[in-house]
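Thanks for coming. I have a few minutes on one structure, so please have a look at it while I talk.

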Amino acid sequence: PIDVAYDDLISGYNQEGEAYINVLQPEQSYLYKQITGQTEPMMPTSSSESGPLNDYEISTILKWIEQGAPNN
């Protein structure tokens, strides 16, 4: 199940055809756009228990994408 979720994230696209993860242009990754509020809905939503991600969490995810989004 975790490998399936990872595989879906790495090879998946949203309904508009944007890659969830784009290792060649990390800031164009749909996931990155969602966590930075560039798309709706923002993820995680402001109504979620944890609220939006902080700058450190966002930079960590961007770095992970830049490194090729390894399954670690």
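I will go through a pair of rings, a salt bridge, a helix and the segment after that helix.

Before that, the ground rules. This is a predicted model, in which local features need pLDDT of at least 70, side-chain atom pairs count only at pLDDT 80 or more, and totals for chains, interfaces and linings use all residues. Residues are numbered from 1 along each chain as its sequence is written, and side-chain values use heavy atoms, with hydrogens and water left out.

The rings come first. Rings of Phe, Tyr and Trp (its six-membered ring) pair if their centres lie within 6.5 Å; planes under 30 degrees apart count as stacked, over 60 as edge-to-face, and the rest as tilted. By this rule there is 1 aromatic pair. The ring centres of tyrosine 20 and tyrosine 30 are 6.0 Å apart and the planes are at 45°, so this pair is tilted. The pair links distant parts of the chain, 10 residues apart: tyrosine 20 is in the loop between α1 (2–11) and α2, and tyrosine 30 is in helix α2. Helices here are DSSP runs (H or I, at least four residues), as are strands (E, at least two), numbered from the N terminus.

Are these two tyrosines buried or exposed? Buried means under 20% relative accessible area, exposed means over 50%, and partly exposed is in between, using a 1.4 Å probe and protein chains only. Tyrosine 30 is buried at 12%, and tyrosine 20 is partly exposed at 28%.

Next, the salt bridge, meaning a side-chain nitrogen of Lys or Arg within 4 Å of a carboxyl oxygen of Asp or Glu. The structure holds 1 of them. The partners are lysine 33 and glutamate 18, at 2.7 Å from N to O. Lysine 33 lies in helix α2 and glutamate 18 in the loop between α1 and α2, so the bridge ties together parts that are 15 residues apart in sequence. Lysine 33 is buried, with a relative accessible area of 13%, while glutamate 18 is partly exposed at 23%.

Threonine 39 meets both of these topics. It sits in the loop between α2 (30–35) and α3 (55–66). Leaving out residues up to four places away in sequence, threonine 39 touches Tyr30, Lys33 and Gln34, where contact means heavy atoms within 4.5 Å. Threonine 39 is itself buried, at 14%.

Now helix α3. Its buried residues are Ile58, Leu62 and Ile65. They cover an arc of only 60° around the axis, which puts them on the same side of α3; the arc is that of the directions from the helix axis to the C-beta atoms. What covers these buried residues includes α2.

Last, the segment after α3. Glycine 68 follows α3 and has a positive phi, near 95°. Alanine 69, in the segment after α3, has a phi near 50°, a positive value in a residue other than glycine. Most residues other than glycine have a negative phi. Alanine 69 is also buried, at 0% relative accessibility.

What does isoleucine 10 touch, not counting residues up to four places away in sequence? The contacts are Ile21, Trp64 and Ala69. Isoleucine 10 lies in helix α1 and is partly exposed at 32%. Its C-alpha atom is separated by 9.6 Å from that of glycine 68, 58 residues apart along the chain.

That is where I stop.
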